[in-house]
Amino acid sequence: MLISAAEPVTAPVGGAELGQVIGLSIAATLVTVVLLVIAWAHRTHRIEWFDRLGRRLGAQYGEPGWSTIPTMFVASSLIVALLGFMWDVSLHAGRGRDAGPLANPAHYLILYGLFALFVAGMSAIVYPRDGEKPGIAAVRITRTWYAPVSGIFIAACGLYALIGFPLDDIWHRMFGQDVTLWGPTHLMLIGGAGLSTAGIILLNREAEIHMRARGKALPVWLKTIMTSTAFGGLLIGLSVFQAEFDFGIAQFRMVFAPMMIVAAAGLALVAARLYIGPGAAIATAVFFLLMRGIVSFIVTDVMGEAHHVFPLYLGSAVLIELLAISRLRHRPLVFGAVAGLLIGTVGLVIEKLWNDRVFQFPWTSDMWTEGLLMAVPVAVATGLCGALFALGLQGRLPARNVGRAIVIGSVLVLSAAVANGLYATVPKDESATFTLTQVGTVEKPEVTAAVTLSDGVADDDPTWVQITAWQGGGAGVVTDRLRRTGTDTYESTKPVPVGGNWKTLLRVQDGRTLAAVPIFLPADAPLKVNEVPALDSFTRDFVPEIDILQRERKDDGSPLLWGAANMVVLLCSLGIILGICVSVSRVARRIEEDEATATADRTPTLTS
């Protein structure tokens with residue numbers, strides 16, 4: 001047996017300690033009470049500083065207070081939440097599970113970001129008083145209280161994301177810890193934050209129309225910069241779902257990577273170009289690269305955590321700008337569909353050049369046929385949705401049936417693609433044989449490996465055959481794409497760790513096959529599992545990757561309970577999608593009605 005230097009894992013599983021849960025609940029209650037008191041005092045004129053703050057910011061940025069205050073909150077919350085989120089992913093990738101929400105410093109940044117997001121929406125709702133109607137699409141709450149519809153949507157996104165935090169602890173207690181970005185409650189956290197950026201774009205549009213009616217408007221250059229930045233935020237929000245691929249520890253098939261990239265590009269870049277004008281798609285992509293680059297530098301180089309990269313998007317942005325030179329820009333829905341087609345084909349070829357240069361693993365020919373069958377329909381669908389969003393902001397939505405068909409069709413296309421991508425198989429009664437060579441030290445044992453797969457596990461061009469080591473307590477994820485030496489034989493290209501708390505495994509993805517073999521796993525007292533040693537030579541069977549990568553998950557739960565819990569999350573997510581659709585539609589219809597009224601007022605009347 002090789003020297004393992006294993007230190008048993010002791011971090012708890014199945015939810016946080018009760019003391020942390022109580023502490024967080026008390027803190028959240030106190031903050032909520034303070035906010036409610038401030039809201040009540042503002043609306044009853046017992047305080048005036050909140051109103052003065054809105055007026056001062058409004059005078060500076062040329063927008064009403066019910067828009068500028070939420071914009072300030074959203075801008076700060078998303079920056080802080082993004083930093084906290086990427087830091088959190090890097091901590092889990094490099095160090096494994098934590099001892100609870102208060103034991104992870106990144107969670108404080110995430111909590112602030114999500115709470116500030118909720119406060120942003122509520123400030124837009126609470127700020128208008130004395131019967132003021134905030135914009136032409138205001139929603140009546142009481143007899144004299146109106147709120148901007150986009151503010152209600154932002155608050156809903158914030159609440160949706162915040163609910164994900166306590167639900168995450170409940171989820172862990174019922175089903176164990178799912179150490180993956182794509183856990184259902186984790187998707188609530190990032191989904192609510194990501195989609196709120198669409199709400200802030202809509203809120204600023206409501207504010208622009210509100211101020212224009214009063215003869216005031218932002219300078220065109222300032223409006224262009226601010227709106228491009230907002231769409232850049234939307235692109236960032238839509239791209240965080242890809243983070244596991246960014247860190248090189250994707251727990252799902254590679255076909256998801258191109259699909260998620262074209263989905264984000266199709267929605268954000270198409271909408272930006274159609275709504276803002278020339279150069280907007282490129283400006284959106286540049287802002288994305290700037291912000292993600294800064295966050296990557298802070299997390300990796302300043303904090304010393306796991307390294308990550310990110311998609312480029314510039315190729316797709318240039319394609320959209322070139323397409324906009326044609327007359328198709330005057331037919332937005334056709335433009336969106338064609339732009340999506342370009343993004344899903346030529347754009348992906350450009351993205352592959354970037355991916356194969358900076359990401360851990362290239363996009364091989366093994367994944368391209370299925371990848372295109374998933375990516376192209378999704379790109380066309382999101383391109384249409386991006387065009388629909390731009391039309392809504394301009395007050396030029398197509399007939400209701402057309403808009404509904406696009407949204408429903410896009411949800412169905414995306415759902416079908418996700419369902420297909422999630423379908424993976426594990427070869428039955430197949431195994432891998434290892435011969436390990438110790439090249440490390442007693443304190444830090446490392447090995448190189450010669451591996452022989454069972455016949456038929458992988459064809460001549462698999463997506464990957466790799467060794468991955470992660471969660472070892474250090475900063476980073478170690479991956480090694482094995483070199484093929486024969487029909488079913490492979491060898492290491494660099495040493496990988498097999499001691500301490502490292503989880504080291506062989507991973508194979510080939511078509512729909514997604515399977516793994518453990519090489520070394522530490523003892524884990526809370527899970528009541530023993531060490532899986534790294535022997536000099538051994539043969540072990542392939543198992544589902546999730547059994548190793550998410551070792552903390554419980555397999556003995558009720559399938560009915562699991563299905564019901566996922567259905568609740570799904571319905572909440574569909575509710576958020578419905579919310580942005582209703583909000584955009586309401587604003588668009590009010591713009592149409594307002595412009596129709598203005599046109600009628602300007603039309604001379606013939607008198608006899």
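1. A word on terms before we start: two residues are in contact when heavy atoms of theirs lie within 4.5 Å. Please also keep in mind that this is a predicted model.

2. Let's begin with Phe389. Leaving aside residues up to four places away in sequence, phenylalanine 389 touches Ala198, Ile201, Phe231, Leu234, Ala271 and Val584.

3. Next, a helix pair. Helix α5 (residues 149–175) packs with helix α6 (residues 184–212) at an angle of about 170°, and their axes are 8 Å apart. Angles over 145 degrees count as roughly antiparallel, so that is how α5 and α6 run relative to each other. In the contact of α5 with α6 you will find 18 nonpolar residues, 10 polar ones and two charged ones.

4. Finally, have a look at serine 77, which sits in helix α3 (residues 65–95). Is serine 77 buried or exposed? Its relative accessibility is 0%, so serine 77 counts as buried. Not counting residues up to four places away in sequence, serine 77 touches Tyr112, Gly113, Ala116 and Leu117.

Notes
Residues are numbered from 1 along each chain as its sequence is written. This is a predicted model: local features need pLDDT of at least 70, side-chain atom pairs count only at pLDDT 80 or more; totals for chains, interfaces and linings use all residues. Side-chain values use heavy atoms; hydrogens and water are left out. Helices (H or I, at least four residues) and strands (E, at least two) are DSSP runs, numbered from the N terminus. Buried means under 20% relative accessible area, exposed over 50%, partly exposed in between (1.4 Å probe, protein chains only). Axes are lines fitted to C-alpha atoms, for helices over the stretch in contact, and angles run from 0 to 180 degrees between N-to-C directions. Angles under 35 degrees count as roughly parallel, over 145 as roughly antiparallel, 65 to 115 as roughly perpendicular and the rest as oblique. Ala, Val, Leu, Ile, Met, Phe, Trp, Tyr, Cys and Pro count as nonpolar, Asp, Glu, Lys and Arg as charged, and the others, Gly among them, as polar.
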